[in-house]
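Please read it alongside the sequence and the model.

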Amino acid sequence: MQRLIHRATDLCFIRTPLAAALASALAFHAPVRAEATLPAVEVKARQDAATLHLDEPGTTGSRTGVTARELPASIEGVDSTTIRERGDHTVMEAITRATGVTGVGAGGNGSMSFSTRGFSGTNSVGLAEDGVRLSTGAGTQTYPADSWGYERIEVLRGPASVVYGSGTVGATINAVRKAPSRDASAEALLGIGTDGTGRVGLGGSGALGESASFRIDAYGHTTDGQRDFGNASGSKVMSTLRLQPRSDLRVELLADYSKQKPERYWGTPLDKGRIDSSLRKENYNVSDSIIAYEDKRLRARVEWQANDWLSLRNEAYYFEANRHWKNVEQYSLDSTTRTVDRSDYLEIKHNLEQTGNRLEAGIRSAQHRAVVGWEVATVNFRHTNNAPYGGASTVSARNPAHGVWASPDPTLPKFDTRSHLNALYAEDAWQFSEKWLLMAGIRHDSAKVSRDELVSGTDFDKTLHGNAWRLGLTHHLTPATSVYAQASAGHDPVTSIITMNLRNRDFSLTKGRQVETGIKQSLDKGLGEWTAAIFRIDKDDIITRDPLNPALSVQGGNQHSQGLELSVALTPWKNWRFEGNYTRLQARYDELMEAGGVDRAGNRPTDVPEQVANLWAHYRIGPVLASLGGRYVGKRYADNANTVALPSYTVADAALAWKHDNRTTLRLLGRNLTDKVYATTSYGSQQLVLGQGRSVEIVAEVKF
């Protein structure tokens with residue numbers, strides 16, 4: 001804690017000229033006119049009628065504050081009320097109900113990896129909290145994991161590099177925190193369920209003195225799981241202190257801490273290319289295995305409304321992530337002997353520290369909402385491992401004797417990297433007539449990475465540059481209906497930037513380009529809202545093989561995806577509410593050669609379904625709300641050869657809520673009602689991560 005306090009103190013003195021100028025302005029500026037006040041930041045409360053939140057402003061799709069209806073792009077959010085109704089206690093569960101988003105999380109990527117619009121993984125689908133991203137190290141993201149404490153979880157589909165930088169060609173998922181309020185309130189959640197599941201959530205907000213307010217959220221959960229070593233637990237505290245001494249000045253201080261111990265499961269081996277459902281509850285890890293994540297976060301925000309057309313915002317932060325894995329991760333089933341060969345005895349540690357600052361100016365006039373900003377960050381990363389991960393054993397496929405972890409290879413710090421990240425960006429939403437809005441944005445990113453080998457290898461320095469832009473036009477046919485078209489360009493790294501190695505040092509960023517058009521409409525008489533979009537994304541400079549020398553990896557491959565997305569929220573009759581979405585997608589490699597000169601052109605990328613659908617139906621009978629939900633994910637492939645298939649699946653969930661009074665709600669939640677055996681993703685080409693079986697939980701929610 002003392003170390004965190006010192007780091008928080010350091011944040012107040014980040015040595016940038018713009019930050020110094022802002023600090024000086026905040027300290028000595030003259031009084032402004034009374035009308036120059038900061039806008040409220042609380043997210044609108046969700047109404048009982050079905051809605052897609054088209055008229056709510058936000059920062060996920062653009063930092064200009066345009067509404068979802070105005071934005072010439074596909075954006076979707078799931079609010080906290082909907083999350084509780086569905087019993088989605090994790091960010092993964094909540095956002096994979098959104099249009100076209102599927103989870104591809106596994107132990108090796110922190111279980112926070114997603115697929116959408118034909119692109120998968122942490123280097124193509126970004127993850128942020130309140131618009132700020134933690135750099136991805138070795139393909140791993142671990143935060144935010146739990147949905148408690150967030151007002152909304154949103155997804156901006158398609159290239160989002162203008163807003164979020166590199167690694168966002170597929171989409172960006174942004175968790176929006178609950179904000180402090182001077183109105184006193186408190187809430188609690190208590191849940192118990194099958195498989196030894198228990199959870200507790202506490203949250204509250206209120207005033208402190210004449211000009212301060214706070215928000216604090218705490219959450220903890222535990223479960224015994226449905227298989228050996230399926231036990232998991234986690235806890236977190238999120239806190240915000242807001243100081244607002246004048247109507248034109250706001251200061252926020254945030255401090256968070258979280259700790260996770262996820263299920264120690266790396267998948268189930270295939271039996272001749274198929275899932276053997278009899279092995280569903282088996283786990284082939286060792287008894288002393290470890291997966292543990294710890295995240296610490298400090299932030300300081302300042303916003304000053306200089307006058308009625310200019311606002312200045314500065315956000316300084318310090319993030320720290322410590323991760324530890326010690327597992328046996330690869331399994332191969334011998335169908336004849338009914339034994340499993342185990343290999344890859346891995347021990348890996350990540351120690352990541354990121355210090356950064358974002359300075360932004362907002363400019364408003366009768367026709368323009370513009371922002372100009374500068375982001376800077378320094379990331380220190382240490383990778384400790386026991387490569388080449390020796391060790392092997394064989395166990396029975398049923399009721400295995402797990403044994404303990406043992407490898408002939410010592411666990412040592414292998415490399416350090418120090419990365420300096422800079423970005424300049426600008427956006428403008430130009431309302432050039434009552435019915436027309438033109439949005440333009442541009443961004444330049446640079447990343448200078450220095451890698452020091454600690455055992456063997458060659459040290460190196462590398463600088464990457466990437467440019468992104470977005471140009472979109474929105475036309476309001478009526479106040480309730482808008483159509484839009486946009487073109488955008490962004491970039492993804494070929495590997496996590498801050499952990500690039502000598503082998504991929506000479507590769508540049510890949511380039512993604514998108515064209516998209518769509519419609520967003522609110523129906524008459526409060527019937528509901530719906531949106532539709534069609535798009536195409538082309539990505540160039542992916543890694544392929546040299547046709548003249550297939551042993552040599554080069555840039556020059558490309559892939560594309562195109563599709564249709566529909567989403568709808570309807571209240572067709574009294575007491576009825578429906579929410580649904582559907583995605584139809586085609587994704588292909590246009591040019592890709594793998595080892596040995598094998599041509600993969602025309603094949604589908606891994607972990608990409610061609611159809612995804614979600615549907616929820618709710619019926620209210622007095623104080624009781626009955627809900628039934630279904631989710632369909634189409635067939636995917638575990639390899640670029642498209643020879644190992646993950647079968648399509650449909651999972652049904654249900655909820656029954658009784659509102660005892662305005663403060664107390666009891667919920668009965670059921671997940672995977674048919675106890676479907678299905679795979680969420682692959683871990684290697686012969687090992688699939690199976691989804692959870694049937695579970696039941698009772699949850700009590702209380703407001704004070």
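The chain has 704 residues and a radius of gyration of 25 Å; a compact globule of that length would come near 27 Å, so the two agree. The radius is taken over C-alpha atoms, and the globule rule is 2.2 Å times the number of residues to the power 0.38.

This is a predicted model: local features need pLDDT of at least 70, side-chain atom pairs count only at pLDDT 80 or more, and totals for chains, interfaces and linings use all residues. Residues are numbered from 1 along each chain as its sequence is written, and side-chain values use heavy atoms, with hydrogens and water left out.

## Overall build

Along the principal axes, the C-alpha atoms fill a box of roughly 80 × 65 × 50 Å. Of the 704 residues, 56% count as buried. Buried means under 20% relative accessible area, exposed over 50%, and partly exposed in between (1.4 Å probe, protein chains only). Among contacts with a separation of 6 or more, 68% join residues 24 or more positions apart. A contact means heavy atoms within 4.5 Å.

The secondary structure comes to 5 helices and 38 strands. Both are DSSP runs numbered from the N terminus: helices are H or I with at least four residues, strands are E with at least two.

## Sheets and hairpins

Strands of a sheet pair through backbone hydrogen bonds, either parallel or antiparallel. Here, two strands pair if DSSP finds at least two bridges between them.

β1 pairs with β7 in the antiparallel sense over 5 bridges. Val78 has Ile153 in β7 as its bridge partner.

Another open sheet has 3 strands, ordered β14-β37-β36, and its pairing is antiparallel. Its edge strands are β14 (268-269) and β36 (679-682), each pairing on one side only.

From β25 to β26, the link is 2 residues. From β26 to β27, it is 5 residues, and Asn575 in that turn has a positive phi of about 75°.

These antiparallel pairs can be set side by side:

| Strand pair | Bridges | Example of partners |
|---|---|---|
| β25 (528-546) and β26 (549-570) | 18 bridges | Lys539 and Gln559 |
| β36 and β37 (687-690) | 3 bridges | Ala679 and Leu690 |

Which peptide bond has omega near 15°? The bond from Ala387 to Pro388 does, and it is cis. Pro388 lies in the loop between β18 and β19 (392-396). Tyr389 is found in the loop between β18 and β19 too. Phi of Tyr389 is near 65°, a positive value in a residue other than glycine. Tyr389 counts as partly exposed because its relative accessibility is 22%.

The bond from Tyr143 to Pro144 is also cis, with omega near 0°. Pro144 sits in the loop between β6 and β7 (150-157).

Ser111 has a positive phi of about 65° although it is not a glycine. Its loop runs between β2 (102-103) and β3 (114-116). At 30% relative accessibility, Ser111 counts as partly exposed.

## The second largest cavity

Rolling a probe the size of a water molecule over the atoms shows where empty space is left. The model holds 10 cavities of 30 Å³ or more. A cavity is a set of points on a 1 Å grid over the protein atoms alone, where a 1.4 Å probe fits but cannot get out; lining residues have an atom within 4 Å of a point. Points are joined across faces, edges and corners, and a volume is the space filled by probe spheres set on them.

The second largest cavity contains about 570 Å³ of space. It is lined by 36 residues, and the closest to its centre are Arg133, Ser135, Tyr164, Ser166 and Leu421. Elements that each supply at least two lining residues include β6 (132-133), α5 (161-164), β16 (310-334) and β20 (412-430). The largest share, 4 residues, comes from β21.

By class, the lining has 15 nonpolar, 15 polar and 6 charged residues. Ala, Val, Leu, Ile, Met, Phe, Trp, Tyr, Cys and Pro count as nonpolar, Asp, Glu, Lys and Arg as charged, and the others, Gly among them, as polar.

Definitions and conventions
1 Å grid on protein atoms, 1.4 Å probe; cavity = no way out; pocket = protein on both sides within 12 Å on 5 of 7 lines; lining within 4 Å.
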